[in-house]
Amino acid sequence: MSKLTNPSLLLLRNDEELVGQSILVVNFEQDGFLRELKALNPNAAITAFSYNHANAQYASKINGIRAVVDHTIPEGNYDLVIYYYPKAKPEALMCLDNIRAICKEDAQLLIVGENKGGVKSAEKQLKDLCGFSNKIDSAKHCILYLFSELTLNDSFDISRYHKPFQVKAGDLEFTAISVPGVFNHGALDVGTAVLLNNAPNISKGKVLDFACGAGVIAAYLGIKHPDLVFTCSDVSALATYATTQTLALNNLQGDAILSDGLESIDGKFDLIISNPPFHTGIATDYTIAEAFLANAKQHLTKQGKLTIVANSFLKYPPILEAQFGRYTTDFKNTKFSVYSAA
């Protein structure tokens, strides 16, 4: 069993609160909490909801847990909702609106999170939307809140959270659509802008936009070269949703696929292009990037090419060399580098 995270430990030391008939857990961790919750509620219906495909895959392997990955929480008449507060406040606001549209009138809402993750914002966000709130417990730099007598919403429509934004790159300008929780929500990030301005000149063939975010890269290439065929992948259901909206808005065809890394991707591509995610903590973690680059080669056609943008301080060159034998640096400044390999 995975080691319990601090928010999960805080929840479990208040196990008398973790009782319900229809329980919803949102934004859960990949630790042992869901198993412990099922043991506490052997006869309850437990739904584990995540915007993250990898998390949902993890939860789907646990007996007695219904795992759901989507951009919207399914109906369920839940009497207990447990929400692990996210780092992004706009995502939390959207998710809390969604929760208040699908739970019972007398539902209890438990919100847990780390102080540094901004969990204290939950009090402010729900101040006028509940009859009762209480800070139940705090430990290990985490807080657990209870909210009840929630003001319910008649429905939830994610399109109310669409945030259109303008993308200017090269000689093109177009509109993309983002929703809260998507990378660099509502704006073109600098790394992707550098990539677009140094994108390969490919006019036909199949393109994979890996870690697609709001679908900006696919939209840019598709407007420029209408004969390209796109597959866009991301681990986030919010990202694949936003990409679908961006492509539709620009009259472009393409599939947006949920995938943990490249595991749900089939076939070969003439171009794989990405502003790939990487984890930074005390030490920079290259596992996602290494796995992506290690597996990308088998998804390239004979003439296929991989192009990525990365922070210049990241040590991608040795990884590219190890996987492809050689690579080119198409662009480099003090902050970003664009690399290609075939």
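# Chat: cores, a sheet and salt bridges

Biologist: Which residues touch the most other members in the largest nonpolar core?

Modeller: That core has 66 residues, and V26, Y83, I99, L109, I111, F147 and L221 touch the most other members. By nonpolar core I mean a set of buried Ala, Val, Leu, Ile, Met, Phe, Trp, Tyr and Cys residues joined through side-chain atoms within 4.5 Å. Buried is under 20% relative accessible area, exposed is over 50%, and partly exposed falls in between (1.4 Å probe, protein chains only).

Biologist: Which element gives the largest share of this core?

Modeller: Helix α4 does, with 7 residues. Helices (H or I, at least four residues) and strands (E, at least two) are DSSP runs, numbered from the N terminus.

Biologist: Before we go on, what kind of model is this?

Modeller: It's a predicted model, where local features need pLDDT of at least 70 and side-chain atom pairs count only at pLDDT 80 or more, while totals for chains, interfaces and linings use all residues. Residues are numbered from 1 along each chain as its sequence is written, and side-chain values use heavy atoms, with hydrogens and water left out.

Biologist: Okay, back to L221. What does L221 touch?

Modeller: Not counting residues up to four places away in sequence, L221 touches A199, P200, V207, L228, F230, L271 and I273. A contact here means heavy atoms within 4.5 Å.

Biologist: New topic: what's the order of strands in the open sheet?

Modeller: It runs β3-β2-β1-β4-β5-β7-β6, 7 strands with mixed pairing. Two strands pair if DSSP finds at least two bridges between them. β3 (65-69) and β6 (130-139) are at the edges with a single partner strand each, so one side of each has no neighbour in the sheet. From one strand to the next, the twist averages 20°.

Biologist: And do β4 and β5 run parallel or antiparallel?

Modeller: Parallel: 6 bridges join β4 (residues 78-84) to β5 (residues 103-114). I82, for instance, has L110 in β5 as its bridge partner. Helix α4 (residues 89-102) packs on the sheet, where it touches β1 (22-26), β4 and β5, and its direction makes about 155° with that of β5. For such angles, axes are lines fitted to C-alpha atoms, for helices over the stretch in contact, and the values run from 0 to 180 degrees between N-to-C directions.

Biologist: Let's stay on that helix. Is A92 buried or exposed?

Modeller: A92, which lies in α4, counts as buried because its relative accessibility is 0%. Setting aside residues up to four places away in sequence, A92 touches Y83, Y85, P86 and Q125.

Biologist: How many salt bridges does the structure hold?

Modeller: There are 4. A salt bridge is a side-chain nitrogen of Lys or Arg within 4 Å of a carboxyl oxygen of Asp or Glu.

Biologist: Which residues are linked in a network of salt bridges?

Modeller: D97, R100 and R160. D97 and R100 have their closest N and O atoms 2.6 Å apart; they are 3 residues apart in α4, which means about one helical turn separates them. D97 is buried at 15% relative accessible area, and R100 counts as buried at 5%. For R160 and D97, the closest N and O atoms are 3.9 Å apart. R160 sits in the loop between β7 (142-150) and β8 (163-169) and D97 in helix α4, so this pair ties together parts 63 residues apart in sequence. R160 counts as exposed, at 58% relative accessibility.

Biologist: Which residue forms a salt bridge with K116?

Modeller: E114, with the closest N and O atoms 3.8 Å apart. K116 counts as exposed at 75%, and E114 as partly exposed at 30%.

Biologist: Last one: where is the place of H299?

Modeller: In the loop between α9 (287-296) and β16 (300-311). H299 is buried at 9% relative accessibility. Leaving out neighbours within four places in sequence, the contacts of H299 are L262, I265, D266, G267, K268, F269 and I272.
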